Amino acid sequence: MAYRDDTDTIVAISTPVGVGGFCIVRLSGPRAIDIADEIFSFKGKNKKSLKDVPTYTVHYGYIKEDNTIIDEALVSVYRAPKSYTREDVVEISAHGGFLPTRKILELCIRKGARLAAPGEFTKRAFLNGRIDITQAEAVSDIIYAKSEKGLLLAAAQLAGGLSEEVGSIKNSVLDLMSLIEASLNFPEEDDVRPIEPSYIGSELEKIKSQVEQFVKLAQQGKIYREGLYTAIIGKPNVGKSTIMNRLLKKERVIVTPIPGTTRDIIEDSITINGVTVVLFDTAGITETVNNEIELIGIERSKKLLKECDLVIFVIDGSQELTKEDIEIAKIVKDKNLIVVINKKDLPAKVNVDDVVKTLFPAGVEDIVVLSALNGDGIDVLENCIFKKAFVEDIAVENCKFLPNLRHYDIFLRILSHVNAAIEMVKGKVGFEIIAIELRKVLELLAEVTGENFTEDILDRIFSQFCIGK
């Protein structure tokens, strides 16, 4: 993708707005250096112009409005095409604060710059060929990373890890396509070897395996990027809030013996072995509703169940199982689930066998018995949550990247075309029809890296960025 210099000049604040030690106002575009030069004055008797300074240099002086000093500043100059956007870029580092930051921004706009849209600097880096779309997305993932592992994986993706792996699949598809095309177009040539359907099927299975791994990694990537969204669910007064407080190691939720104390969803987060777990304490689900507020809380709890990654279903082990427990079990049985039998410090009226027989006759993988009151068994629950954070048996620590939800959607479509091609081979369909499916795979792979994109796709990706990046 060629370097472009026909765009207007944009400006934005690249540091959080507010009182702080310093702020950075960033300019990019054909007039970036000219605009900065009009508002910047070098300190000292040796008068210079930013237009004459070399690239990758930093200069000390003052930002001025007419002849009035607004602030002292350091100005960094990066000349095209060796800059973040491959355009002329200037970064003004001044003192942090609402007023000086706003004044510098206003001066730049008054001199001809336009306020940048969210992610527009990174969008220009992509459009000018400095990075591909997966690397651009990695910039956003770095900014919003919620775990150390998520940060490291985003950094690896910024270095081109995802593009490299997508390129590997693309090469496999191209190799297969070249054999098919040669056999179709030059069947009589001596140097074109006949291609057997069994060989095509074997190569397609290898491609399918690669794509399936991408799909699994995308599911895992959501957890590393956003955290494991975990709902603590159960009927009233089973100890949900106490369990949340134990996991958080602080008194986050009000706990009383009165059923229905929690009437709305309460959110907080913890980190377990590097994985962010976003906990939601929910209103107790019951058929006996005392007021409208409690009913609204229950409806919100049920809605949350549809959106969360993990459910912790809490049962009171000191009481017989009830109809409410049975109804909740029906709701959560197909979720990624941990069943907690709480109140082991009291005489038990429910055990693991009771839970399986009455609530989950088809079986349930994880049941933890604990006492939220004294903390006995909370460590077992933490380990269980960490285990549940992973999709199947994926060695994430060895990954160079984790695909995001956009990639996930594309890989699912790629998988459908690969599967269609495999079925065609089994059905002895002509090679020319199989080639059509492979071309669709290549088009979708190009969509992953941004070789094939539309303005709608770009707008959707970069609208999620913060302004100034």
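Analyst: Let us begin with burial. Cysteine 308 counts as buried because its relative accessibility is 7%; the term buried means under 20% relative accessible area, exposed over 50%, and partly exposed in between (1.4 Å probe, protein chains only). Cysteine 384 is likewise buried, at 8%. This is a predicted model, in which local features need pLDDT of at least 70, side-chain atom pairs count only at pLDDT 80 or more, and totals for chains, interfaces and linings use all residues. Residues are numbered from 1 along each chain as its sequence is written, and side-chain values use heavy atoms, with hydrogens and water left out.

User: How many disulfides does a search of the whole structure find?

Analyst: A disulfide is a pair of cysteine sulfur atoms within 2.5 Å. The search finds zero.

User: What share of the protein chain counts as buried?

Analyst: Of its 469 residues, 50% are buried.

User: Is valine 58 buried or exposed?

Analyst: Valine 58 counts as exposed because its relative accessibility is 52%. This residue belongs to strand E4, residues 57–65; strands (E, at least two residues) and helices (H or I, at least four) are DSSP runs, numbered from the N terminus.

User: How should I read the length of helix H7?

Analyst: The expected span of a helix is 1.5 Å times one less than its number of residues. Helix H7, residues 197–226, has 30 residues and reaches 44 Å from its first C-alpha to its last, close to the expected 44 Å. Just after H7, glycine 227 adopts a positive phi of about 100°.
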